[in-house]
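Visitor: I am new to this structure. Please take me through one part of it, slowly and closely.

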Amino acid sequence: QVQFVESGGGSVQPGGSLRLSCTASGSDSSIYGMAWYRQAPGNRREWVAQIMPSGARNYAASVKGRFTIFRDNAENTVYLQMNSLKPDDTAVYYCNSLPNSGWGQGTQVTVSS
């Protein structure tokens, strides 16, 4: 079963940037679509962005224009570049394949002044 390890989270001020990484093991992630999700305290997990094997990308309206998803198939890694961060972006961020496999531990992103 494919497993995912997320990293790159941290604490930043509003307007700052972070780059999240997701490394997949146990399978060749390049054959799957890959997605980022996030879950804020008290909220349900929500879809943020996805990238398909063709390279096609889609974003949630709340992050479009600020976040960019991209992948390095040679490294079996998917990234999420997050710019112009807002306090509402505070959440634990997870990656997963499409369709979903098991969930990793996620990485915490906190945006606060």
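Are Asp89 and Arg38 buried or exposed? Please start there, and show me what surrounds the pair.

Guide: Both Asp89 and Arg38 are buried. Keep in mind that this is a predicted model.

Start with Asp89. Its relative accessible area is 2%. The cut-off for buried is under 20%, so Asp89 counts as buried. Arg38 has a relative accessible area of 6% and is buried too.

Now look at how the two meet. Asp89 forms a salt bridge with Arg38. The closest N and O atoms are 2.9 Å apart. Asp89 sits in the loop between β8 (77–82) and β9 (91–98), while Arg38 belongs to strand β4 (residues 33–39). The two are 51 residues apart in sequence, so their pairing ties together separate parts of the chain. As a rule, side chains of opposite charge can pair when their charged atoms come close.

Asp89 has another partner, Arg66. Their side chains meet in a salt bridge, 2.8 Å from N to O. This pair also links distant parts of the chain. Arg66 lies in the loop between β6 (57–59) and β7 (67–72), and Asp89 lies in the loop between β8 and β9. They are 23 residues apart. Arg66 is buried, at a relative accessible area of 10%.

Go back to Arg38. Glu46 is partly exposed, with 37% relative accessibility.

The structure holds three salt bridges. Shared partners join Arg38, Glu46, Arg66 and Asp89 into one network.

Next, step from Arg66 to Gln81. Gln81 touches Arg66, and its other contacts include Ser17, Leu18, Phe67 and Phe70. Gln81 is found in strand β8. At 16% relative accessibility, Gln81 is buried. Its side chain joins that of Arg19 through a polar contact of 2.8 Å. Gln81 is also the bridge partner of Arg19 in β8.

Widen the view to β8 itself. Six of its six residues are buried, so the strand is largely enclosed by the rest of the structure. Both faces are covered. Thr77, Tyr79 and Gln81 are buried on one side. Val78, Leu80 and Met82 are buried on the other.

What pairs with β8? Strand β3 (residues 18–25) does, in the antiparallel sense, over six bridges. β7 pairs with β8 in the antiparallel sense too, over six bridges. There, Phe70 has Tyr79 as its bridge partner in β8. β7 and β8 form a hairpin, with four residues between them. Asn76, in the turn, has a positive phi of about 55°.

One last stop is Glu6, in strand β1 (residues 3–7). Glu6 is buried, at 8% relative accessibility. Its side chain reaches the backbone nitrogen of Gly106 at 3.0 Å. A polar atom of that side chain also lies 3.0 Å from the backbone nitrogen of Cys95. Among the residues Glu6 touches are Cys22, Trp36, Tyr94 and Gln105.

Technical notes: Residues are numbered from 1 along each chain as its sequence is written. This is a predicted model: local features need pLDDT of at least 70, side-chain atom pairs count only at pLDDT 80 or more; totals for chains, interfaces and linings use all residues. Side-chain values use heavy atoms; hydrogens and water are left out. A salt bridge is a side-chain nitrogen of Lys or Arg within 4 Å of a carboxyl oxygen of Asp or Glu. Buried means under 20% relative accessible area, exposed over 50%, partly exposed in between (1.4 Å probe, protein chains only). A polar contact is a pair of N or O atoms within 3.5 Å; within protein, one must be able to donate a hydrogen and the other to accept it, and residues adjacent in sequence count only if both atoms are side-chain atoms. Contact means heavy atoms within 4.5 Å. Two strands pair if DSSP finds at least two bridges between them. Lists of a residue's contacts leave out its neighbours within four places in sequence.
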